[in-house]
Structure formats: structure tokens, C-alpha cells
Amino acid sequence: MRTSVEKRDLAHYPFLPEAQGLLASRGIKVAGLSGSKIGCSYLDRAAERVITALDGKTVYPESEDDVVSDIITYVLARVLASASKDKRTMDRLCRMEASRVYAYFHAEENELLKKRVCEELGLELGDGALPVIRYVELASRVRDAKWRLINRDVENGFVSVSSDEMDVLIAERIRAILSSGLPLDIPESIAKEYLPWSDKILSAVQERTLVEFGAIDESAYPPCIQALISAAAAGVNLTHSGRFSMTAFLHNVGMNAEQVAGIFARSPDYNPDMTNYQVDHILTNEYTTPSCATMLTHGVCVNKDRLCESVSHPLNYYRSKKKMLEKMRIKDEALAKKAETSAEENPDAGSPGP
Ligand code: SF4
């Protein structure tokens with residue numbers, strides 16, 4: 001059994017200070033990489049790493065023998081995801097990295113390394129029970145009801161946790177820690193230098209959104225969003241919830257920041273600087289459209305129609321409505337074609353007799 005941290009291990013756990021030390025010892029810095037061929041290849045691989053995460057993959061193929069490349073692409077992927085300012089991109093990247101790290105951690109036989117990773121991530125491997133406070137901290141982000149403290153066996157201030165459950169908590173902890181550092185604070189000069197790569201990521205985001213939702217179709221917007229757009233166009237000062245819901249929704253269905261700002265530009269009181277700041281802020285910090293229940297609580301669920309009765313999220317409304325409209329369009333086209341064919345076959349059918 002190995003008892004030390006080896007160079008190859010650093011590619012598996014690139015957040016360890018030893019990994020950053022390896023980059024420093026090779027004189028590799030984040031800034032200025034685009035000036036060299038090898039630097040550009042690192043950036044290409046980093047963008048690829050982010051795009052792999054966008055595709056929902058849980059594993060990024062590491063190179064066989066280039067540990068330095070694996071570490072720097074991990075670092076650069078986090079820089080590029082932060083520069084994209086797209087929360088979903090950052091979330092997806094963290095999920096992929098966390099499941100990758102967890103897979104190595106779970107299979108790890110090197111006890112010293114396991115201990116080192118635990119220290120760095122602030123984890124302790126429990127032996128079937130965790131102190132209540134620690135348990136609540138670790139389980140708070142796991143959704144299933146069985147994790148709620150009320151549903152657990154608690155004895156003498158300790159919560160019983162099976163080894164499978166401990167695995168889930170460790171995986172969640174790794175994800176939370178990797179997420180907590182994002183977005184990184186990227187200096188303007190680096191954001192500018194890496195623009196071609198962060199733009200490549202944003203194009204990939206746009207492409208995937210279009211695949212998910214198809215071309216944007218305003219007629220399929222749910223009544224709540226239609227009402228918010230009309231209110232914005234009429235110069236009504238929307239509440240924070242209204243602005244947030246509308247912005248997040250429009251972004252979710254595929255609009256970029258400029259297109260969203262363009263909706264606000266329909267308002268007679270349009271202030272470009274303020275609008276861009278607000279849109280940017282919402283797109284950077286929050287992402288998902290609120291559910292119908294939240295919209296209702298915030299007073300922005302209005303003009304409900306029949307379709308609203310069968311959905312619990314405005315994005316589901318949009319998907320269903322788009323499908324319905326598409327079906328109607330196909331049906332109308334088929335009817336029109338049938339009428340045309342019949343007119344061609346019986347040119348005199350519709351004309352008055354002699
Ligand atoms: S039920 Fe949902 S989709 Fe319909 S108006 Fe309310 S929030 Fe919008």
C-alpha cells in the first residue's frame with residue numbers, strides 16, 4: 001500500500017495546495033497563457049472540460065501522462081466558467097468535478113492521501129454516527145425527506161449514518177466546497193485575454209439551450225411572463241421578483257444578456273446602464289426561473305389559463321405550449337396541403353356551374 005502523495009494523485013485532486021505548488025515550480029501562471037502554443041492548448045482543453053460538464057458528463061478524460069496539463073486545465077476551467085458569468089455553467093462544472101473527485105476518493109487505497117484530501121476539504125470520516133451539528137451542516141443540501149433530522153435516529157447528540165449514506169454526504173460536501181469558490185474574482189485583463197475561450201463556452205451554452213427549448217417562441221410564453229413583458233414595455237416599475245422572474249425565464253429559454261436587456265428597452269423609462277447592471281447581476285448570481293408556487297407567493301402568477309392547471313413551473317408551461325403550437329402548425333399545414341391537392345384534382349369543384 002502506498003503511503004505518500006504521488007504526482008499522479010495531484011491530477012485526481014487538483015485543488016490540493018501540492019498541485020498548485022507543482023504548477024508554481026514549473027513557472028506556470030494563469031495570466032499570459034494565450035501568448036504561447038502550449039498555453040493555448042491548455043486553454044483549449046480547459047474550454048473542452050467545461051463543455052464536457054455542460055453536456056452533463058460526470059467524468060472528464062484525463063491525459064495518461066501529463067499531470068501538469070490535467071491540473072492547469074482544472075484551474076483554467078474554473079477561470080473560464082467564472083468569466084462566462086453563467087451560473088448553470090459553474091454548477092455543471094462543479095458537479096462534474098465533484099463526481100470525478102468523489103470517484104477517486106471512494107476507490108482510494110492510499111490512506112495518507114485520503115487523510116490529506118479530508119483535511120483539505122474539512123471532512124472527517126465518521127464511524128457510523130455524526131454529531132448533530134455536523135450532520136445538519138452536511139445534510140442540509142440533500143433534498144430527500146429521509147435526510148431531515150426529524151426522520152433520523154439521534155442518540156446522545158449523534159445521528160446514525162450508514163456507510164452508503166456517509167458516501168452521499170461526502171460527495172455532497174465535495175460539491176459544496178468546489179462550488180463555494182465560484183465565481184472566482186477574475187481581473188479584467190484576464191477576462192479580456194481569455195474572451196475567445198469564454199465566448200466559446202457561451203456559444204456552447206446557447207447551442208444547448210436551443211436544443212433543449214428550440215427556437216424562442218414568444219407566443220408560447222406563460223401568461224405570467226407575458227404580463228411582465230407587457231408591464232415592462234408599458235414603463236411599469238417591476239418589483240425585484242418580477243424583474244428576476246422575467247429575466248431568468250428569458251435567459252432560460254435561450255436569450256442572451258443583450259436580448260433580455262432589449263425587452264426592458266421597450267419601456268419608455270429605459271435606462272441602459274441600470275438595465276445592463278441589473279440583468280448582468282441576475283444572470284450572474286441566480287439562474288433558474290422560480291416555480292409557479294414561488295411566483296404565486298411573490299404575486300407574479302397572473303392571468304392563469306387552462307394549461308397552468310397542469311404545470312408547476314413556467315418552463316414546463318413553455319415546453320408544453322411549444323409542443324401544442326407545433327402540433328397545431330403541422331395539422332394546419334396538412335389541412336392546407338390537402339385542400340390544395342383537392343383543388344388541383346378538381347379544378348371546377350368550387351366554381352359555379354354554367
Ligand atoms: S401557474 Fe405558473 S405558468 Fe401559469 S401564470 Fe402562474 S406562474 Fe405562470
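Visitor: Where is Pro183 found?
Guide: Helices here are DSSP runs of H or I with at least four residues and strands are DSSP runs of E with at least two, both numbered from the N terminus. With those labels, Pro183 is found in the loop between helix 8 (163-180) and helix 9 (188-193).

Visitor: Before we go further, what pLDDT do side-chain atom pairs need in order to count?
Guide: Residues are numbered from 1 along each chain as its sequence is written, and side-chain values use heavy atoms, with hydrogens and water left out. This is a predicted model, in which totals for chains, interfaces and linings use all residues, local features need pLDDT of at least 70, and side-chain atom pairs count only at pLDDT 80 or more.

Visitor: Back to that proline: is the peptide bond from Leu182 to Pro183 cis or trans?
Guide: Most peptide bonds are trans. Between Leu182 and Pro183, though, omega is near 0°, and the bond is cis.

Visitor: Which residue has a positive phi of about 50°, although it is not a glycine?
Guide: Most residues other than glycine have a negative phi. For about 50°, look in the loop between strand 2 and strand 3, where you'll find Asn156.

Visitor: And is Asn156 buried or exposed?
Guide: Buried means under 20% relative accessible area, exposed means over 50%, and partly exposed is in between (1.4 Å probe, protein chains only). Lys85 has 41% and counts as partly exposed. Asn156 has 73%, so this one is exposed.

Visitor: What is the strand order in the open sheet?
Guide: The sheet has three strands with antiparallel pairing, in the order 1-3-2. Strand 1 (129-131) and strand 2 (154-155) stand at the edges with a single partner strand each, so one side of each has no neighbour in the sheet. Two strands pair if DSSP finds at least two bridges between them. To repeat the order: 1-3-2.

Visitor: At what angle do the axes of helix 3 and helix 5 cross?
Guide: Axes are lines fitted to C-alpha atoms, for helices over the stretch in contact (heavy atoms within 4.5 Å), and angles run from 0 to 180 degrees between N-to-C directions. Residues meeting across this pair include Arg49 and Leu54 in helix 3, with Met96 and Arg100 among those in helix 5. Angles of 65 to 115 degrees count as roughly perpendicular, under 35 as roughly parallel, over 145 as roughly antiparallel and the rest as oblique, and helix 3 and helix 5 are therefore roughly perpendicular. The axes of helix 3 (residues 37-54) and helix 5 (residues 87-107) come within 8 Å and cross at roughly 90°.

Visitor: How many aromatic pairs are there?
Guide: Rings of Phe, Tyr and Trp (its six-membered ring) pair if their centres lie within 6.5 Å, with planes under 30 degrees apart counting as stacked, over 60 as edge-to-face and the rest as tilted. By that rule, the count comes to five.

Visitor: How far apart are the ring centres of Tyr194 and Trp197?
Guide: Tyr194 and Trp197 are both buried. Their planes stand at 90°, so the pair is edge-to-face, and the centres are apart by 6.3 Å.

Visitor: Which residue forms one aromatic cluster with Tyr221 and Phe249?
Guide: Tyr221 and Phe249 pair edge-to-face, 5.4 Å centre to centre with 85° between the planes. Tyr221 is in the loop between helix 10 (195-213) and helix 11 (223-233) and Phe249 is in helix 12 (residues 240-252), so the pair ties together parts 28 residues apart in sequence. Tyr221 is buried at 2% relative accessibility, as is Phe249 at 0%. The cluster also takes in Tyr318.

Visitor: Which residue lies over the face of Trp147?
Guide: A charge sits over a ring if NZ of Lys or CZ of Arg is within 6 Å of the ring centre and within 35 degrees of the ring normal. Lys114 does this for Phe105, at 5.2 Å. For Trp147, at 5.4 Å from the ring centre, it's Arg152.
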